Amino acid sequence: MSKNRFELDSERLGTVDEHGNRVYLHPEDVKGIWKDRRDIVYWILIGLYLVLPWIYINKKPALLIDIINREFTFMGSTFFGVDPILFFLIIISSIFFIAFMTSLFGRVWCGWGCPQTVFISSLFLKVESFIEGSARERRALDEAPMSAEKFFKKALKWIIFALISLHIAHTFIGYFIGPRELFHMTMGSPLEHFGIFSATMIITTIFLLDFGWFREQFCIIACPYGRMQSVIMDENSLVIAYDKKRGEPRRGTPGVLRENEGDCINCYNCVKVCPTGIDIRRGTQLECIACTNCIDACDEIMIKMKRPTGLIRYGSENELSGVPRKTITPRSMIYAAISLLFVGIFILFINKSTDLQILFLRGSETFTYIDQTVTNRFTVKFNHQGGADYKVLLKVHDPALQDKIKIITPISPIDLVSFEKKVIVFFKFSPTLLENGTKKINIDIVDKSSGNVIATKEVVLVGPVH
């Protein structure tokens, strides 16, 4: 009896032949409740990705990561002079949050939220099926010699792939420079903004090759997440699992009578629909992206066979072994605690950095003494993140000294419209104020519009010793 083409070799991946060459997959279409749910989630994510940069709040895109100007805008709030620590905190808290979700729900990110899965399943495979037909027709077309029909279909497919990739890449770039600015750039010559144009073309090419050709190879070879799952997950984590107790011995097992067979009829439908070319019946594998296609494919057969669905289902190893699943485990609690810790630090950092930071730096010349007047020169450095603009005045805190110390600035009030500003400030006073050549005073930084004191800084005045 000839071997079924979907009976995978036990020694190598389903995407590699006996000579080490790639086996291009043609996953079959699937229908079912999980497919419907994923479609809803995918289109919500795609819509959010495409629309979010075009939503303007307070005249700024809802999300803008302006690396060149060190500005980060999110939902109407802009943070200037963003330090690398901010991005580090976002990334590290996200990693531990994904680890937390993985410890509970397995590779839910891969199957439900990863752009690789979302774009390929919702756009690229749809286009491929529309032009080249069903999985069987696509496989036959690939194996056929070049012809006018094959050339036309392949060319049309890749042209549409390129257009989709261009749109995805332009949206991606829009998150960094703003969609309106990008739109104006695209209306001009590429040479006017050659850097942006080059970056967009490079990203388009990456998307085109990855989503159109590389596909599951990225998940299997390049993505480190699949290899991390064995560390992150445990026997209580949800995975796409085949119930061996119920399914085995499957149909066609040598020496097993029909009445003694399990529920698995060995139809290979779970293998045919798998986008990474695995047989889920061999247990949890790092190539599994938890797309749930095999669940829908198996349930469809079980319904036809008038048997209970769920032979392949979401479940933990403990549940399959008859042991109750623990929803929260020490491992997941640790991941959640670390993620919350970094989120807390992030919030603390943002709250702290939105306050106005003021630093008085003494000039290179300590003081000048001319006509019985001492002059001290300072450079005052103002820093603040957040969207607030300030118009501030400098004022001596002690009322008894306000008429004795003159503060001179190039412009008053000082307008702080950017995240960082440096202002030269002179203090002029009589040497009689000094005690042994110094005098500590406090300077109020006053908000001109409200009259409130934003901050008070100590300044040491110096002059001649009498």
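The legends below describe close-up views of a predicted model. Local features are taken where pLDDT is at least 70 and side-chain atom pairs where pLDDT is 80 or more, while totals for chains, interfaces and linings use all residues. Residues are numbered from 1 along each chain as its sequence is written, and side-chain values use heavy atoms, with hydrogens and water left out.

View 1. Most peptide bonds are trans. Pro 249 belongs to the loop between helix H11 (244-247) and helix H12 (269-272). Helices (H or I, at least four residues) and strands (E, at least two) are DSSP runs, numbered from the N terminus. Pro 413 is found in the loop between strand E12 (405-408) and strand E13 (414-416).

**View 2. Arg 215 and Gln 372 have positive phi values.** Most residues other than glycine have a negative phi. Arg 215, however, has a phi of about 45°, and it lies in the loop between helix H8 (194-214) and helix H9 (216-222). With 6% relative accessibility, Arg 215 counts as buried. The term buried means under 20% relative accessible area, exposed means over 50%, and partly exposed is in between (1.4 Å probe, protein chains only). Gln 372 has a phi near 60° and is placed in the loop between strand E9 (368-370) and strand E10 (373-383). Its relative accessibility of 57% makes Gln 372 exposed.

**View 3. Phe 194 and Phe 197 form a tilted aromatic pair.** A search of the whole structure finds 18 aromatic pairs. In this pair the ring centres are 6.4 Å apart and the planes stand at 35°, so the arrangement of Phe 194 and Phe 197 is tilted. Rings of Phe, Tyr and Trp (its six-membered ring) pair if their centres lie within 6.5 Å; planes under 30 degrees apart count as stacked, over 60 as edge-to-face and the rest as tilted. Both residues lie in helix H8, three residues apart, about one turn of the helix. Phe 194 is partly exposed at 49% relative accessibility, and Phe 197 is partly exposed at 34%.

**View 4. Phe 360 and Phe 378 meet edge-to-face.** Their ring centres are 6.2 Å apart and their planes lie at 80°, so the pair is edge-to-face.

**View 5. Strand E10 pairs with E8, E9 and E14.** Two strands pair if DSSP finds at least two bridges between them. E8 and E10 run antiparallel and are joined by six bridges; here Leu 361 stands opposite Thr 379. Three bridges connect E9 and E10, also in the antiparallel sense, and Ile 370 has Thr 373 as its bridge partner. The hairpin of E9 and E10 has two residues between the strands, and Asp 371 in it takes a positive phi near 55°. Ten bridges join E10 to strand E14 (residues 420-429) in the antiparallel sense, with Val 374 partnered by Phe 429.
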